[in-house]
Amino acid sequence: MTAPRADDSPLPVDPVDIAVDACVLLANHLDLLAHQMRERVLGDHDRARLGAAATRVEKALATITIAAASSPCATMPPPQHEEEPAGPVTMTIVTWTRPVYRQEDGRWVSTGTQSQRRIHVSLDGEHTVCGSQIPDHATTVATTTDWHLHTNCYNCAYRLWPEHAPAGYERPTSSRDFPLRRTSQDLGAAGRRFSTRRMS
C-alpha cells in the first residue's frame, strides 16, 4: 500500500541531509527507546537484530565524526521563511497482520497463524508515524484528522503528541493507556453541562 507523492521531485540524496536526519531521529527518541526496552522482553531474534543494527550505527557514527572534524568550508545560511499556522492534518489509520513464529531447534519456524498488529497512524501513506513500512496487504481503517480516536499504538501517539495533541485528552504514558482518556477538567465540564440540562 503506497500513496503517490505530492510532486514528481526525487527523494533527497544529499549524504549530509540523510546523516543529520538519521542522527536527530535517533537522538530525539532515546527516552522512547529506553521505555520500549523496559516494557519488552527481548528474545534471541530481537537481540540479534539489535546487535546488527548497533554495529551498523557505530560504523556510521565513526564516518560522520571524521567528516564533521574535517576543515569547514564556507556555506551560505539557509533562507528564512515565515511559517504559517498549521491547521488540522488529515492522517491515515492503518493496521495489518503478520505471521507468528516459534523457535524450534535454534530456528524460527512459522506457526501458520497470523497475529493482529496495532492500529497505527500514517502521515504519508507509506510509513507509520512510529517508523514501520506499511505493507501492501495493510487495511485502511480511516482517513481522518481525529487520529486519537482510532490508534492504540503508543509509539505513534508519543511522536504525534508534541504537534498534534488532541484537545481534552490525557497524554498516554504506556500502551495500557488506550483508548485515550479524557482529561479530568474536560470530564468535569461535560458533567456540569449534563446537570444543567436536567435541571432546566
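The protein chain here has five helices and five strands, where helices (H or I, at least four residues) and strands (E, at least two) are DSSP runs, numbered from the N terminus. Reading from the N terminus, the order of the elements is α-α-α-β-β-β-β-β-α-α. Keep in mind that this is a predicted model, in which local features need pLDDT of at least 70, side-chain atom pairs count only at pLDDT 80 or more, and totals for chains, interfaces and linings use all residues. Residues are numbered from 1 along each chain as its sequence is written, and side-chain values use heavy atoms, with hydrogens and water left out. Of the 200 residues in the protein chain, 21% are buried; buried means under 20% relative accessible area, exposed over 50%, and partly exposed in between (1.4 Å probe, protein chains only).

- Strand 1 (residues 91-95) has five of its five residues buried, so the rest of the structure largely encloses it.
- Both of its faces are covered, with M91, I93 and T95 buried on one side and T92 and V94 buried on the other.
- Strand 1 pairs with strand 5 in the antiparallel sense over five bridges; for two strands to pair, DSSP has to find at least two bridges between them.
- Within that pairing, T95 has T139 of strand 5 as its bridge partner.
- Strand 1 is also joined to strand 4 (residues 120-122), again antiparallel, by three bridges, and here I93 has V121 as its bridge partner.

- Strand 2 (residues 97-104) and strand 3 (residues 107-116) run antiparallel and are joined by seven bridges.
- If you want a spot to start looking, Y101 has S110 in strand 3 as its bridge partner.
- Two residues sit between the strands of this hairpin, and D105 takes a positive phi near 55°.
- P99 belongs to strand 2 and is partly exposed, at a relative accessible area of 36%.
- P99 and Q116 are 17 residues apart along the chain, and their C-alpha atoms are separated by 9.2 Å.

**Aromatic rings**

- Searching the whole structure turns up two aromatic pairs; rings of Phe, Tyr and Trp (its six-membered ring) pair if their centres lie within 6.5 Å, with planes under 30 degrees apart counted as stacked, over 60 as edge-to-face and the rest as tilted.
- W147 and W161 make an edge-to-face pair, because their ring centres are 6.1 Å apart and their planes stand at 85°.
- That pair links distant parts of the chain, as W147 is in the loop between strand 5 (139-144) and helix 4 (154-164) while W161 is in helix 4, 14 residues apart.
- W147 and W161 are both buried.
- Y154 and Y158 form a tilted pair, at 6.0 Å centre to centre with 45° between the planes.
- Both of these tyrosines, Y154 and Y158, lie in helix 4, four residues apart, or about one turn of the helix, and both are buried.
- Y158 has another neighbour: R171 lies over the face of its ring, 5.7 Å from the ring centre (a charge sits over a ring if NZ of Lys or CZ of Arg is within 6 Å of the ring centre and within 35 degrees of the ring normal).

**A spot on helix 1**

- V20 sits in helix 1 (residues 15-28) and is partly exposed, with a relative accessible area of 43%.
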